[in-house]
Amino acid sequence: MYTHLRAAAVTGVALLGLTLLPAEHSVGTDTLPERRLRTALLDTMDFPEGWAGDSARSARERGFGVPQPQERSCRALFDSAEDTAERAGFAKTESGPFVTTVLASHGSQDAARAALATFERTAAECRTFHTREGPGRGTVTVAYEAADLDLKGLGDESAALRFERRAEGAGGGTPVVADVVIARVGAQVVRVAQAGRDDRGTDGLEPIADRAVEKLEQVTEGEDPAPPPDQPGTTRL
C-alpha cells in the first residue's frame, strides 16, 4: 500500500519502488508567470562541461532517450499535461545519458499537491511500461520495470523512482535505467528524468534534480538564479 506523498514523514521510505520524501523547507507559494517559469528551467549552464542541449526531434531520430511509454496512462511519469508546462532536454553524448525536465505552474498549492498525487497513482499502476527504441525500421519493443531509487528530499515534497529496461525476447544486453524525480515548490511542480546505460558513464540524477529545485526555489522567492560557478555549459549537439 502507498502512503500518500503529503503524509510521508521519514526520509528514504521505498514503497513498491517509489521513494517518498518529506519536505526540507518551504518557499513562496505564488504561481509563477510563463516568463519566470522559463527562467527557472534547467539550461546547459546548469550541467558539467561536456553536456549539450537535446531536442525531442533528435531523440526521435536516434530512437532512444528518456522513454515515452506506449501506455497512455503511464505518460504522467515523465511529462505533465499542464498547458503551462515548459520543457528542456540535454545529452552528455550522442549515445547518452539523456536528461529531460518538465516544469509546470499550477493554480494553487493544492493543485500542485494533486499533481504529485497523480504521479503517485501512476507509479502504482505502471510497474511495467513499454516503449519503442531504435532508429528507423530497426525499432524494437522494450519493457521498463520499476525499482527502488533512494534520493534525499527536495523542495516542499518529492518522490523518486527508477525503471530498469528489459528487451522483449532478448537474452540480456547492456543494462539501461531511467530515473525520474518529481518535486513540488509552492504551486509549481518540476520533473527531472535521466536515461542511460547503468555504468560509470552515467552520473547519478541527484545533483541535476537538486539544481532544478534550487533554481525553482530561487525564482519562486523572486530572485534571478545565477549559474553555478563551476559549470561552464556547452554548445548544442
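A nonpolar core is a set of buried Ala, Val, Leu, Ile, Met, Phe, Trp, Tyr and Cys residues joined through side-chain atoms within 4.5 Å; buried means under 20% relative accessible area, exposed over 50%, and partly exposed in between (1.4 Å probe, protein chains only). The model is predicted, so local features need pLDDT of at least 70 and side-chain atom pairs count only at pLDDT 80 or more, while totals for chains, interfaces and linings use all residues. Residues are numbered from 1 along each chain as its sequence is written, and side-chain values use heavy atoms, with hydrogens and water left out.

**Stop 1: confidence.** Colour the chain by pLDDT, the predictor's confidence in each residue, from 0 to 100. The mean is 84, and 81% of the residues reach 70 or more. Then select residues 1–16, where pLDDT stays under 50, and residues 233–237, where pLDDT also stays under 50.

Stop 2: Select Leu77, Phe78, Phe129, Tyr144, Leu161 and Phe163, which have the most contacts (heavy atoms within 4.5 Å) inside the largest nonpolar core, a set of 27 residues. At least two residues of this core come from each of α3 (109–125), β7 (140–147), β8 (157–167), β9 (176–185) and β10 (188–197); helices (H or I, at least four residues) and strands (E, at least two) are DSSP runs, numbered from the N terminus. The greatest contribution, five residues, is that of α3. Another core, of 26 residues, lies apart from it and includes Val181, Ala183, Leu205 and Val213.

**Stop 3: helix α4.** Select residues 206–220, the 15 residues of α4. Is this helix largely enclosed or largely open? Because 11 of its 15 residues are buried, α4 is largely enclosed by the rest of the structure. Its buried residues, including Ile208, Arg211 and Leu216, pack against α1 (34–40), β5 (98–105), β9 and β10. Just after α4, select glycine 222, which takes a positive phi of about 90°.

**Stop 4: salt bridges.** A salt bridge is a side-chain nitrogen of Lys or Arg within 4 Å of a carboxyl oxygen of Asp or Glu, and the count comes to 18. Select aspartate 210 and lysine 152, whose closest N and O atoms are 3.5 Å apart. Aspartate 210 lies in α4 and lysine 152 in the loop between β7 and β8, so the pair ties together parts that are 58 residues apart in sequence. Next, select glutamate 157 and arginine 184, a salt bridge at 2.7 Å. Glutamate 157 is buried, at 5% relative accessibility, and arginine 184 is buried, at 5%.

Technical notes:
The expected span of a helix is 1.5 Å times one less than its number of residues.
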